[in-house]
Amino acid sequence: MKVLTPEEMRSVDNRAIEEMGVPGLKLMEAAGRHTAEYVLDNFPNADLVVVLAGRGNNGGDGLVAARYLVENGRETKVILLRSGKDLTDDCSKNLDLLPEVVEIITIDDEKDLEKAVKKLNTLSMAIGTSPITGGAAFIDALLGTGISGQVTGLTADLLLAAQHLNWPTVACDIPSGIDGTTGEYLGAGIPANATVTMGLPKTGLYLSAGVEYSGEVIVADIGFPDEAVEPAVPSMETIEEGKVAQLFVDDRGRTSEVALHKGDFGRILVVAGSRGMCGANELCSMAALRAGCGMVVAAVPDTEYQIVASRTGPEIMTAPVTANKSLGCFMPAGINDLKSYFRWADVLAIGPGFSTNRDAMEFAREAVEGFPDSPDHQIIIDADGLRAFTGDPSPLRGRHRAPILTPHPGEFARLTAPHDLPEDLLERLSAYAELADSVIVLKGARTLVATPRETQGCPISVNVDAGNPGMATAGSGDVLTGILAGLAGQPSIAWDPYQIACVGVFLHAFAGDIAARRVSRQALIAGDIIDALPGAFNWFKKNYGPRKPRQIRRRN
């Protein structure tokens, strides 16, 4: 699905209204109805709903929602923040359509604000008594996506007063106080339990503070014609479940795969670990196997080899590499130990648990430079290994297959700091992908994937449909690196590194959701994600795979 900036969305809106004749009031009616329906379906005990409405079209959406709520038997009040200015035409028309039973509290100045806040506090104290026996909720339709700059004055004071009450909140299109493009928090706002966004999601919902403030994001179809949406060039797009499923539905049932052996399904060299952090190699290696590759060699510093070899699963081969004896980390002299494995491997996964010692950093650069470069060889770099390319990503450039880098936000900040890049996150992400000639997987609550090379669709994707906070646990990133390596090594998955990265990110998150249901989010550890991968593959096969023809038994 396309994800648009507010400016891009306004172009869609203008095409629909001005070029195709769709009435703006019709779009507003649908937006408000979808918002009201979400409240009715998900907050059945909210006997009172207070709509915080601004004077623009976002406020008009809120007024439509208020009308639907009243018609469905909910006690509904509107706080209309006018600030002494006129309403937009469509907003004004929907204000006139409100039934008389709806109490409208208008704010034009500080005195009006004091009365509105006093009213809210009175209502809050009345919760639990008739007619508000259940509870109360807000619909946030104050600002929408058109705001620029910090939220101040009456708007900020009203938002802070509402936030203080801690009522469940449903945001209309985007939470007030969140920048619709960057997701930046603009000084005042109400965290929403859910956001009903209109037509297509906005970039700010999936970036920065927008992730926290938006809650569950529901994309409402309010009637934009396809002809209005198709010309829109998105800033990013969501990773779709159905596309991910394409890789797994056959379960190696293709005729071309029946006679293959383990070496044909990908050979992965995992170079990871150091003293005290060798578990990173174990997690990465096992995840690669569970992702479907045929063989894995776990290369570790020789000082730590006995520990790793004694506890690593029997499916994983191990290789000792000459190491810095005092620090237990890789060193440049160890490159000679890996040369035969470089010739053997299809994929090099390097960096987890590496340590940041200078020897380890020099080793990482030499390993990347020494790994074969062909259409069949992929490099994946994670964690400490990324530090080796801070300031100089030149060894990454110009490879047949773009390397895949998997930084978290802190690592990405370190990678980009030495370079003159845009401040805007999406622009910065694209610029660094171009600079390093690498696919960037920026890990987070809404993981972003960017490619510098030509691809079908949008060059930035975001994972929004899978994953959970329980995955914020030590080793989760090592598992992701292993999954990416395992997918990239399989010749039957003839996708480019960007597509592999998108699929790997979704599969990792999807398995994390299965694991969370099994053990709870709080108890989830990285190994649980690996254990959940078979369940993820089976789910895709069951839900997307070809149906076997029903066998009919004949009676004699």
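Helices are DSSP runs of type H or I with at least four residues, numbered from the N terminus. The exercises below concern a predicted model.

**Exercise 1. Locate Ser 11 and decide whether Ser 11 is buried, partly exposed or exposed.**

Solution. 
- Step 1: Ser 11 belongs to helix H1, which covers residues 6-19.
- Step 2: The relative accessible area of Ser 11 is 33%. Buried requires under 20% and exposed over 50%.
- Step 3: Ser 11 is therefore partly exposed.

**Exercise 2. Characterise the packing of H2 against H3.**

Solution. 
- Step 1: H2 spans residues 24-42 and H3 spans residues 57-71; their axes come within 7 Å and cross at roughly 55°.
- Step 2: This angle makes H2 oblique to H3.
- Step 3: The crossing of H2 past H3 is right-handed.
- Step 4: Residues that form the contact include Met 28, Ala 36 and Leu 40 from H2, and Val 64, Tyr 68 and Leu 69 from H3.
- Step 5: By class, the contact of H2 with H3 comprises nine nonpolar, four polar and four charged residues.

**Exercise 3. Describe how H17 packs against H18 and against H16.**

Solution. 
- Step 1: H17 (residues 497-519) and H18 (residues 526-544) pack with axes 7 Å apart, at an angle of about 105°. An angle of 65 to 115 degrees counts as roughly perpendicular, and H17 and H18 are therefore roughly perpendicular to each other.
- Step 2: Among the residues in this contact are Phe 506, Phe 510 and Ile 514 of H17, and Leu 533, Trp 539 and Phe 540 of H18. The contact of H17 with H18 divides into 14 nonpolar, three polar and three charged residues.
- Step 3: Phe 506, Phe 510, Trp 539 and Phe 540, together with Tyr 544, form one aromatic cluster.
- Step 4: The axes of H16 (residues 476-488) and H17 come within 9 Å and cross at roughly 135°, which makes H16 oblique to H17. H16 passes H17 in a right-handed crossing.
- Step 5: Contact residues include Val 479, Ile 483 and Leu 487 of H16, and Ile 500, Val 503 and Leu 507 of H17. The contact of H16 with H17 holds 11 nonpolar, three polar and no charged residues.

**Exercise 4. Classify the aromatic pair of Phe 412 and Tyr 432, and state which helices the pair ties together.**

Solution. 
- Step 1: The structure holds 14 aromatic pairs. In the pair of Phe 412 and Tyr 432, the ring centres are 6.1 Å apart and the planes stand at 90°, an edge-to-face arrangement.
- Step 2: Phe 412 lies in H14 (residues 409-416) and Tyr 432 in H15 (residues 425-436), so the pair ties together parts 20 residues apart in sequence.
- Step 3: Phe 412 has 4% relative accessibility and counts as buried; Tyr 432, at 0%, also counts as buried.

**Exercise 5. Examine the backbone at Ser 83, Asn 166 and Pro 131.**

Solution. 
- Step 1: Ser 83 is not a glycine, yet its phi is positive, near 55°. Ser 83 sits in the loop between strand S3 and helix H4 and is partly exposed at 32% relative accessibility.
- Step 2: Asn 166, also not a glycine, has a positive phi of about 60°. Asn 166 occupies the loop between helix H6 and strand S6 and is exposed, with a relative accessible area of 67%.
- Step 3: The peptide bond joining Ser 130 and Pro 131 is cis, with omega about 5°. Pro 131 is placed in the loop between helix H5 and strand S5.

Definitions and conventions: Residues are numbered from 1 along each chain as its sequence is written. This is a predicted model: local features need pLDDT of at least 70, side-chain atom pairs count only at pLDDT 80 or more; totals for chains, interfaces and linings use all residues. Side-chain values use heavy atoms; hydrogens and water are left out. Axes are lines fitted to C-alpha atoms, for helices over the stretch in contact, and angles run from 0 to 180 degrees between N-to-C directions. Helices (H or I, at least four residues) and strands (E, at least two) are DSSP runs, numbered from the N terminus. Angles under 35 degrees count as roughly parallel, over 145 as roughly antiparallel, 65 to 115 as roughly perpendicular and the rest as oblique. A crossing is left-handed if the near helix is turned anticlockwise from the far one by less than a right angle, and right-handed if clockwise. Contact means heavy atoms within 4.5 Å. Ala, Val, Leu, Ile, Met, Phe, Trp, Tyr, Cys and Pro count as nonpolar, Asp, Glu, Lys and Arg as charged, and the others, Gly among them, as polar. Buried means under 20% relative accessible area, exposed over 50%, partly exposed in between (1.4 Å probe, protein chains only). Rings of Phe, Tyr and Trp (its six-membered ring) pair if their centres lie within 6.5 Å; planes under 30 degrees apart count as stacked, over 60 as edge-to-face and the rest as tilted.
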